[in-house]
Amino acid sequence: MIEPGFGITRLLNVDLLPRIKQINRVKLHQADYGDLARYANLAPAMTRPIRWDIIAKNYDQVVKYAIAIRTRTASTEAILSRFTRTASHPAYQAMLEIGRAAHTTFVARYLRSTRLQPRLTLRLPRCSQRGIFS
């Protein structure tokens, strides 16, 4: 699950640029209801809309955690371990939704950018570039 990583890095204003080995399995979140009709070609890859209401309701709490990470008063591992014990924590749910939005944005940038794709492909191990493990 990559969403928490995208959520934290987005809040810290850091671009997470992971490699994407199986782009055909990536799921995108709708920004709003009705995006399936608007982006019919992407419909097979689309899932439910991002829950902006959860982000708005818990944004202050999520920002507090991001500030704690930025100022090093709490480690990222400590915060994430607290959330993974109770995955229903409202701030964690908001962070997941932020991560889903950031992940969807990243995938859209990746698919659109002819400069970004080779940069990330270079990070793959040689055997993966040749398709040995694909």
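At roughly what angle do the axes of helix α3 and helix α5 cross? In this predicted model, the answer is roughly 105°, and the two axes come within 8 Å. Angles of 65 to 115 degrees count as roughly perpendicular, so that is the label for α3 and α5. Helix α3 covers residues 52–70, while helix α5 takes in residues 90–112.

The meeting of these two helices involves quite a few side chains. On the α3 side, the contact is made by Trp-52, Ile-54, Ile-55, Asn-58, Tyr-59, Gln-61, Val-62 and Tyr-65. Helix α5 answers with Pro-90, Ala-91, Gln-93, Ala-94, Met-95, Glu-97, Ile-98 and Ala-101. Sorted by class, the contact has 12 nonpolar residues, three polar ones and one charged one.

Now for the chain as a whole. The protein chain has seven helices and two strands, and reading from the N terminus the order is α-β-α-β-α-α-α-α-α. Of its 134 residues, 37% are buried.

What about the inside? In soluble globular proteins, nonpolar side chains tend to be buried together. Here, the largest nonpolar core has 19 residues, and Val-62, Ile-79 and Phe-83 have the most contacts inside it. Helices α3, α4 (76–85) and α5 each give two or more residues to this core. Another core lies apart from it, made of nine residues, among them Phe-6, Leu-28, Ala-102 and Val-107.

Val-62 sits in helix α3. Buried means under 20% relative accessible area, and Val-62 comes in at 0%, so it counts as buried. Leaving aside residues up to four places away in sequence, Val-62 touches Leu-11, Ala-91, Ala-94, Met-95 and Ile-98. With Leu-11, the separation along the sequence is 51 residues, yet the C-alpha atoms of Val-62 and Leu-11 are 8.4 Å apart in space.

Phe-83 is the other one to look at. With residues up to four places away in sequence again left out, Phe-83 touches Tyr-65, His-89, Ala-91, Tyr-92 and Met-95. Ala-91 and Met-95 also turn up among the residues that Val-62 touches, and both belong to the α5 side of the contact with α3.

Conventions: Residues numbered from 1 in each chain as written. Predicted model: local features only at pLDDT ≥ 70, side-chain atom pairs only at ≥ 80, totals over all residues. Heavy atoms only, no water. Helix = DSSP H or I, 4+ residues; strand = E, 2+ residues; numbered from the N terminus. Buried < 20%, exposed > 50% of the residue type's maximum accessible area, 1.4 Å probe, protein only. Axes fitted to C-alpha atoms, helices over the stretch in contact; angles between N-to-C directions. Parallel < 35°, antiparallel > 145°, perpendicular 65-115°, else oblique. Contact = heavy atoms within 4.5 Å. Nonpolar A, V, L, I, M, F, W, Y, C, P; charged D, E, K, R; others polar. Core = buried A, V, L, I, M, F, W, Y, C linked by side-chain atoms within 4.5 Å.
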